[in-house]
Amino acid sequence: MNFEAILNGIPAYAKDIKLNLSSMITNHSTLSDSQFAGAVLVAAIATKNSGLTKLVNQAVAGILQGSELEAVRAAVAIMGMTNIYYRFTDLVDDPSYATMPAGLRMNILRDPGVDKLDFEMWSLVASVIGGCHKCVSSHEQQLIKHGISKETVQLLAKIAAVIHSLSCIHTIEVSK
């Protein structure tokens, strides 16, 4: 992984973000390189910042294989839908909506084409950025149930937070 271009592009006012990203790049030992790269790419895509997504794609080039790249994209796509729908059921005052069948196709969740825990991790990252309580809670519970440590779950949330911040920084810099 080569994050030098991203790290070098972080302005002085965002030194904390640079230090946090650098720390995660060098110490993500609870995640494999492909899990880390996928989480970072999911986060970048989920921020909807095409400039940042392009930089992250370049940084993780060669780490993710074809099926992993497809699963990253699928995680962002399906969470883009489910985060909105389930956030609606959480926000609306009438609790009956939460008991109604969603009626939305979500087949990718059964067979994402990669290890299901990797897909759960990437779905959690997208859901943290998507801000859906039900989705974040569901993916966190699945990861814990399957033996993923709370420290790893926290790392995934920190990846989402730092990459989201990079998106904000990128937007600030482009708008100058």
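Helices (H or I, at least four residues) and strands (E, at least two) are taken as DSSP runs, numbered from the N terminus. On this basis the chain has nine helices and zero strands. From the N terminus on, the order of elements is α-α-α-α-α-α-α-α-α. The radius of gyration is 16 Å, close to the 16 Å that the globule rule gives for 176 residues, so the chain is as compact as a globular protein of that length. Here the radius of gyration is taken over C-alpha atoms, and the globule rule is 2.2 Å times the number of residues to the power 0.38.

The model is predicted: local features need pLDDT of at least 70, side-chain atom pairs count only at pLDDT 80 or more, and totals for chains, interfaces and linings use all residues. Residues are numbered from 1 along each chain as its sequence is written, and side-chain values use heavy atoms, with hydrogens and water left out.

Along the principal axes, the C-alpha atoms fill a box of roughly 50 × 35 × 30 Å. Of the 176 residues in the chain, 43% are buried. Buried means under 20% relative accessible area, exposed means over 50%, and partly exposed lies in between (1.4 Å probe, protein chains only). The chain exposes about 9,300 Å², and carbon and sulfur atoms supply 55% of that area. Accessible areas come from the Shrake-Rupley method with a 1.4 Å probe; for residues, only the protein chains shown count as cover. Contacts (heavy atoms within 4.5 Å) were also classed by sequence separation. Among those with a separation of 6 or more, 72% join residues 24 or more positions apart.

Four aromatic pairs are counted. Rings of Phe, Tyr and Trp (its six-membered ring) pair if their centres lie within 6.5 Å; planes under 30 degrees apart count as stacked, over 60 as edge-to-face and the rest as tilted. The rings of phenylalanine 3 and phenylalanine 36 have centres 6.2 Å apart and planes at 65°, so this pair is edge-to-face. The pair links distant parts of the chain, 33 residues apart: phenylalanine 3 lies in the segment before α1 (4-8), phenylalanine 36 in helix α3 (residues 33-46). Both phenylalanine 3 and phenylalanine 36 are buried.

Phenylalanine 88 and tyrosine 97 form another edge-to-face pair, at 5.2 Å centre to centre and 70° between the planes. Phenylalanine 88 is partly exposed, at 36% relative accessible area. Tyrosine 97, in helix α6 (residues 96-99), is also partly exposed, at 31%. Tyr85, Tyr86, Phe88 and Tyr97 form one aromatic cluster. On the surface, Phe88, Tyr97 and Met100 form a nonpolar patch with about 270 Å² of accessible area together. Patches are made of residues with over 30% relative accessible area and no salt bridge; like charges are joined within 9 Å, nonpolar side chains (Val, Leu, Ile, Met, Phe, Trp, Tyr) within 5 Å. Threonine 89, in helix α5, is buried, with a relative accessible area of 6%. Threonine 89 touches Tyr97, Ala98 and Lys134, not counting residues up to four places away in sequence.

Side chains of opposite charge can pair when their charged atoms come close. One salt bridge is counted, defined as a side-chain nitrogen of Lys or Arg within 4 Å of a carboxyl oxygen of Asp or Glu. It joins the side chains of arginine 73 and glutamate 70 (2.9 Å, N to O). Arginine 73 and glutamate 70 are three residues apart in helix α5 (residues 66-91), so about one helical turn separates them. Arginine 73 is partly exposed, with a relative accessible area of 44%.
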